[in-house]
Structure formats: C-alpha cells, structure tokens
Amino acid sequence: MFGRLAELGYIGLKFPEGYGGSDDPVADAVFAEEMAWCGSGGLAAGVGAHCGIALPPIWRFGTEDQKQRFLVPGIRGEKIAALAITEPDAGSDVASIRTLARKVDGGYVVNGSKTFITGGVRADLLVTAVKTTDQGGHHGLSFLIVERGPGVRSSALEKLGWHASDTAEIQFEDVFVPDENLLGQENGGFYLIMANFQWERLLMALGAVGAMKVAFERTREFALQRQAFGKPIGHHQVIRHKLAEIAVTVEAGRDVTYAALRRYVAGEDAVREVTIAKLATQRSAFDVIDTCLQIHGGAGYMKEYGIERAARDARLGPIGGGTDEIMKEILGRSLGL
C-alpha cells in the first residue's frame with residue numbers, strides 16, 4: 001500500500017519537491033479528509049502516522065543527511081516511520097517520559113519502553129522521544145531516530161477499532177543509536193513535540209470531518225431506501241430531524257477545522273484554533289456515527305453495512321493526539337483561566 005501511495009504522489013504531498021514531494025500542505029489536508037471514504041479508520045491512521053506524524057519532524061528538524069537517509073525513502077514508500085512518544089506511565093504528560101538514552105562514544109544507548117505506537121510493528125524507523133538527562137522533564141528530552149535492529153522489539157496490541165492499523169508496544173534493550181541520528185538539538189525535544197502536535201491534531205480533525213461526512217451520506221442513502229410504515233424512513237419526521245442535526249454538526253466541524261487549517265498554512269500561531277477544531281470534532285464524530293448506527297437499526301449492528309466499524313474507529317478520536325480533557329486545559333489556559 002505504501003509503495004502504491006508513493007507512486008501516486010500521496011505520501012509526499014506536503015514535503016518539498018527537492019525530496020520527492022509536492023510542497024502542497026493544503027493538498028495533504030484534502031487527502032487526509034478524503035481518506036475517510038476508504039471505509040477503514042485503521043488504514044487512514046496507518047498512512048497518517050507515517051506521512052503526517054512521523055516524517056514531518058525529520059523534515060522540519062532533521063539534518064540534510066537525515067533527510068536523505070530517512071525522509072526521501074519515506075516519501076518513496078520504501079521505509080515506514082512511526083513516532084514513538086507515549087509510554088506506559090507517560091501519555092499526555094510527556095515530561096514524565098522515562099526511556100533513557102545514555103551518552104557513549106559515538107552515540108547513545110537506549111533503554112525503555114513505548115506503548116500505543118501507531119505503525120510501530122511494521123516501522124523501519126522510530127522517531128523516539130528519550131531522556132538525555134537523568135532528570136528528564138521539559139529541558140531533558142531529546143529525539144533519536146532509532147532504526148530497526150538488535151535490541152528493538154515490537155509486539156502488537158489488540159484494540160476496539162482501527163484493526164487495519166498496527167498498534168505496538170516497543171521495548172528498547174541496550175540499543176545503540178549513532179550521534180548522526182540525533183534529531184534536532186539535544187535536550188530540545190519538548191519543543192519538537194509541541195510543534196508536531198499541531199499538524200497531528202489538524203489531521204485528526206480533518207479525519208473526523210471526513211468520517212462524519214461519509215457516515216452522513218451513507219446513512220441518508222440508507223434512510224431513503226429503507227421502508228417502514230409505507231414510506232422511506234428518511235421521510236419520517238424523527239429521522240429527518242436527526243439527519244438535519246447531523247448535517248449541522250458536520251458543517252460546524254468542517255468550518256472550525258478549515259479555519260484552523262487556513263491559519264496554520266499561513267504560518268500564523270494556530271494553537272488555539274487547532275485545539276478548538278480537535279475538541280469540536282472528535283466527540284462529535286463518535287456521536288454522529290452512533291446516531292447513524294441507530295438510524296440503521298439492527299443492520300447498523302451488523303458488519304455488512306460498515307457503520308459498526310466506523311463507530312469503533314471513531315471512538316479513539318477523543319483520546320488520541322491529546323485527550324478532550326487536555327484540549328480543554330490548553331484552551332482554558334489560552335483564555336487566561
């Protein structure tokens with residue numbers, strides 16, 4: 001799949017032409033939204049984790065050598081990348097990361113573990129957050145590009161949705177990483193994490209908008225075909241009003257997301273707008289798709305129609321990339337509260 005996406009130019013949409021991309025972030029945003037039509041949140045997540053979450057830090061903070069070794073083959077679909085930040089005891093509180101990179105001659109030795117890493121089973125390289133001081137914290141985090149090899153072990157985790165995407169627990173046991181794989185400045189990793197979150201959260205908002213749109217269109221079609229009490233169920237007021245409410249929710253989510261995207265692409269500070277977009281779309285997407293499932297009745301609970309898969313896939317939205325609770329905290333602080 002990655003090879004075919006690369007042939008079509010989809011992996012490199014936002015990256016510079018000099019590295020094999022198209023230098024068009026808006027096209028990449030369109031791609032992220034339209035991926036919802038494939039019918040698999042896991043497929044969209046697997047692709048997005050590679051080209052939308054793991055490769056951008058290499059592009060933005062990497063050396064020219066790192067871009068040639070990792071970004072270019074990533075855009076070609078020859079190497080799969082994953083971003084490894086979350087740990088068993090460190091989720092949104094990234095300052096609590098424990099995975100330690102001890103400095104040695106010529107590089108670092110890494111020990112620790114990561115969890116909930118999208119794409120981590122198949123990944124050829126892991127863009128990994130590590131402590132580079134004993135204290136760690138905001139001023140003691142760095143990023144290393146860890147290549148698959150001795151001491152790196154991945155195991156797949158089973159989950160509610162996103163079954164087409166692998167989600168991994170990763171163990172690092174005395175893994176040697178050369179100096180040339182340090183991404184950005186040593187002990188400057190916290191800034192990299194914060195910078196990367198904006199595009200990741202925008203991608204999630206775009207994906208949620210796409211998922212709501214697909215669920216709405218398919219449910220509207222179903223409601224016009226399914227007959228009850230002598231007419232299509234979509235012509236009954238209760239169903240008609242539910243679909244009208246969904247249409248409003250989809251449009252509102254799309255508007256706030258596009259507004260955030262516009263500011264981000266213009267190079268403006270869009271933290272507040274991106275936070276609003278993610279918060280406004282994730283729970284809404286799950287609620288919308290759950291309503292669409294209800295409109296399908298018994299058919300909605302069956303795998304044949306795909307709406308049950310969409311509901312399972314949508315449930316991660318209020319959790320991944322920063323929980324709804326974290327989004328509210330960020331937004332509250334931006335309001336001076």
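**Helix packing and loop contacts in a predicted model**

Helices H3 and H5 cross in a right-handed sense. A crossing counts as right-handed if the near helix is turned clockwise from the far one by less than a right angle, and as left-handed if anticlockwise. The structure is a predicted model, in which local features need pLDDT of at least 70, side-chain atom pairs count only at pLDDT 80 or more, and totals for chains, interfaces and linings use all residues. Residues are numbered from 1 along each chain as its sequence is written, and side-chain values use heavy atoms, with hydrogens and water left out. Helices (H or I, at least four residues) and strands (E, at least two) are DSSP runs, numbered from the N terminus.

Two packed helices are described by the angle between their axes and the distance between the axes. Here the axes are lines fitted to C-alpha atoms, for helices over the stretch in contact, and angles run from 0 to 180 degrees between N-to-C directions. H5 spans residues 189–225. The axes of H3 and H5 come within 10 Å and cross at roughly 135°. H3 and H5 are therefore oblique to each other. Angles under 35 degrees count as roughly parallel, over 145 as roughly antiparallel, 65 to 115 as roughly perpendicular and the rest as oblique. On the H3 side, the contact (heavy atoms within 4.5 Å) involves Gly52, Ile53, Pro56, Pro57, Arg60 and Phe61. These meet Tyr191, Leu192, Ala195, Asn196, Trp199, Glu200 and Leu203 of H5. By class, the residues of this H3–H5 contact are nine nonpolar, two polar and two charged. Nonpolar covers Ala, Val, Leu, Ile, Met, Phe, Trp, Tyr, Cys and Pro; charged covers Asp, Glu, Lys and Arg; the others, Gly among them, are polar.

H3 (residues 41–61) also packs on H4 (residues 64–75). The angle is about 160°, and the axes are 10 Å apart. H3 and H4 are therefore roughly antiparallel to each other. Their crossing is left-handed. H3 contributes His50, Leu55, Ile58 and Trp59 to the contact, and H4 contributes Gln66, Lys67, Phe70, Leu71, Gly74 and Ile75. The residues of the H3–H4 contact comprise six nonpolar, three polar and one charged.

H2 (residues 25–34) holds the buried residues Asp28, Ala29, Phe31, Ala32 and Glu33. Buried means under 20% relative accessible area, exposed over 50%, and partly exposed in between (1.4 Å probe, protein chains only). Among the elements that cover the buried residues of H2 are H1 (2–7), H3, H5 and H6 (237–265).

Asn181 sits in the loop between E7 (167–178) and E8. At 1% relative accessibility, Asn181 counts as buried. Its side chain makes a polar contact of 2.9 Å with the side chain of Arg69. Beyond four places in sequence, Asn181 touches Gln66, Arg69, Phe70, Phe143, Leu144, Ile145 and Glu147.

Thr132 belongs to the loop between E4 (125–131) and E5 (141–147). Thr132 is buried, at 15% relative accessibility. The side chains of Thr132 and Ser142 form a polar contact at 2.5 Å. Residues touched by Thr132, leaving out those up to four places away in sequence, include Ala101, Tyr108, Leu141, Glu186 and Asn187. Asn187 lies in the loop between E8 (182–183) and H5. It counts as partly exposed, at 26% relative accessibility. Its phi is near 70°, a positive value in a residue other than glycine.

Arg148 occupies the loop between E5 and E6 (152–156). At 34% relative accessibility, Arg148 is partly exposed. A polar atom of the Arg148 side chain lies 2.8 Å from the backbone oxygen of Gly120. The backbone oxygen of Ala123 is 2.9 Å from a polar atom of the Arg148 side chain. Arg148 and Ala123 are 25 residues apart along the chain, yet their C-alpha atoms are separated by 7.6 Å. Not counting residues up to four places away in sequence, Arg148 touches Gly120, Val121, Arg122, Ala123, Asp124 and Ser154.

Phe116 lies in E3 (residues 107–118). Its phi is near 60°, a positive value in a residue other than glycine. Phe116 is exposed, with a relative accessible area of 57%.

Notes. Polar contact = N/O pair within 3.5 Å; in protein donor to acceptor, adjacent residues only side chain to side chain.
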